Amino acid sequence: MDSQLSRLPAGDSVDPAQVPYRSVYTGAKIPAVGLGTFGSDRFSGEAIAEAVKDAIQSGYRHIDCAAVYGNEHLIGPALREAMMSGVRREELWITSKLWNDKHDEKDVIPACEKSLRDLGLDYLDLYLIHWPFPNYHAPGVDVSSRDPHAKPYIHENYMKTWRQLEKLVEMGLVRHIGTSNMTIPKLKLVLRDARIKPAANEMELHPHFQQPELFKFVVDNGIVPIGFSPIGSPMRPDRDKTPDDTVDIEDPVIVKIAQRLNVHPAVVCIKWAVQRGQVPIPFSVNRDQYVSNLRAAVTDPLTDEEMQAIAGIDKNCRLIKGQVFLWKDNQTWEDLWDVNGEITPA
Ligand SMILES: NC(=O)c1ccc[n+]([C@@H]2O[C@H](COP(=O)([O-])OP(=O)(O)OC[C@H]3O[C@@H](n4cnc5c(N)ncnc54)[C@H](OP(=O)(O)O)[C@@H]3O)[C@@H](O)[C@H]2O)c1
């Protein structure tokens, strides 16, 4: 503990030992705030890698990566530098994700090995299937773009991919495996058929999109909810914006709490997330911002009244709708999310 503190630069850094954590069913502990690394086509891989290195120096121990973010080869040297400065591998929680064009049984293990090579690691703490659809789209394409070979969710195929993830655990390359962008009916099938059950489900979660049913389902099944776009992703690519989208950090309830605490509304979103019990993974390459986001978990908790007030501003406003994964004409993005409680038929 003392040696850890002495490594930290003076000033606003956060003592990682003070950051709360969530327990995974294996007994492992996942730090309650992670750093996102998707640059939304706006930030360079170099800037993100620099942020990762400094964020670890500033107290972060959880980094959310993915092959499709195209920057793991730059984050690897940043992790190495952080570890050379004394942070032990076991202190870090590193997540990566299998991209949609690597769901084929033969592709899964090589894809994970590539992420490991790029990140310069012997093992990942968590490996997720990024989306439950094997549908490819090139980075940066318009939302109307479709994979000509696009498929719906086919559970049998998903489980073939999952078996390979289970193999990665058996091989010691991955400590935990998990899902992302899932729905309750899909998760029910995975829980029924998995030999190694998901440790975490990464899902969109912010005050205007609280997903109460899925959140409860995940928690009740001993799966850690990891919340992406926890600030409402104000810098998401323009292609992901629609006129009906609402803005969490402009919500009067959030703004009022931010004024009370004299913090940016983004920080209130992080506090709410941590106190609700999900693991937010906010993105920023701006030191003031990412340090504030970690500090949010260790200072000035929201009151019960404030937590209740935020519970009341859910607008069911999904921001990352996933249109590019649709598999046939005349569908709407809601078809991806099984809104009727059943898997949308092929
Ligand atoms: N599993 C999935 O399918 C999936 C999908 C989406 C995202 N993710 C993960 O989730 C991470 C986070 O999501 P996200 O990047 O979409 O959105 P986000 O974290 O909700 O929003 C990030 C933006 O919020 C602003 N911000 C951050 N901290 C702030 C602070 N303290 N004060 C003021 N503004 C602040 C920054 O905007 P400015 O730059 O304008 O200051 C930043 O670019 C991603 O990086 C990625 O790792 C996963």
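This is a predicted model: local features need pLDDT of at least 70, side-chain atom pairs count only at pLDDT 80 or more; totals for chains, interfaces and linings use all residues.

User: How many residues surround the ligand, and which are the closest?

Analyst: The ligand has 30 residues around it, and the closest are Gly36, Phe228, Ile231, Ser233 and Phe283. A residue is near a molecule here if its C-beta atom, placed from the backbone, lies within 6 Å of it.

User: Which helices each supply at least two residues of that shell?

Analyst: Helix H9 (265-276) and helix H10 (287-295) each do. H10 has the largest share, with three residues. Helices (H or I, at least four residues) and strands (E, at least two) are DSSP runs, numbered from the N terminus.

User: And how do the residues of the shell divide into nonpolar, polar and charged?

Analyst: There are twelve nonpolar, 15 polar and three charged residues in the shell. Nonpolar means Ala, Val, Leu, Ile, Met, Phe, Trp, Tyr, Cys and Pro, charged means Asp, Glu, Lys and Arg, and the others, Gly among them, are polar.

User: Ser233 was on your list. Where is it, and what's its phi?

Analyst: Ser233 is in the loop between E9 and H8. Its phi is near 40 degrees, a positive value in a residue other than glycine.

User: Is Ser233 buried or exposed?

Analyst: Ser233 is buried, because 22 other C-beta atoms lie within 10 Å. The cut-offs: buried is 20 or more other C-beta atoms within 10 Å of the residue's own, exposed is 12 or fewer, and partly exposed is in between, with C-beta atoms placed from the backbone.

User: What about Ser229: where does it lie, and what's its phi?

Analyst: Ser229 lies in the loop between strand E9 (224-228) and H8, and its phi is near 50 degrees, again positive in a residue other than glycine. Ser229 is buried too, with 26 other C-beta atoms within 10 Å.

User: And Met235, buried or partly exposed?

Analyst: Met235 counts as partly exposed, because it has 13 C-beta neighbours inside 10 Å. Met235 is also found in the loop between E9 and H8. Not counting residues up to four places away in sequence, Met235 touches Ser40 and Arg42, where contact means C-beta atoms, placed from the backbone, within 7 Å.

User: Switching topic: which residues have the most contacts inside the largest nonpolar core?

Analyst: Val52, Tyr127 and Ile270 do, in a core of 87 residues. H9 gives the most to this core, with eight residues. A nonpolar core is a set of buried Ala, Val, Leu, Ile, Met, Phe, Trp, Tyr and Cys residues joined through C-beta atoms within 7 Å.

User: What does Ile270 touch?

Analyst: Leaving out residues up to four places away in sequence, Ile270 touches Val33, Pro230, Pro280, Pro282, Asn293, Ala296 and Ala297.

User: At what angle do H8 and H9 pack?

Analyst: Helix H8 (residues 252-261) and H9 pack at about 100 degrees, with axes 8 Å apart. That makes H8 roughly perpendicular to H9. The axes are lines fitted to C-alpha atoms, for helices over the stretch in contact, and angles run from 0 to 180 degrees between N-to-C directions. Under 35 degrees counts as roughly parallel, over 145 as roughly antiparallel, 65 to 115 as roughly perpendicular and the rest as oblique.

User: Which residues make the contact of H8 with H9?

Analyst: Ile254, Val255, Ile257 and Ala258 of H8 meet Pro265, Val267, Val268 and Cys269 of H9. By class, that contact has eight nonpolar, no polar and no charged residues.

User: Last one: where's Thr37, and what is it in contact with?

Analyst: Thr37 is in the loop between strand E3 (35-36) and helix H2 (45-57). Aside from neighbours within four places in sequence, Thr37 is in contact with Ile48, Val52, Ile63, Asp64, Cys65, Tyr69, Asn71 and Ile75. Thr37 counts as buried, with 27 C-beta neighbours inside 10 Å.

Technical notes:
Residues are numbered from 1 along each chain as its sequence is written. Two residues are in contact if their C-beta atoms, placed from the backbone, lie within 7 Å.
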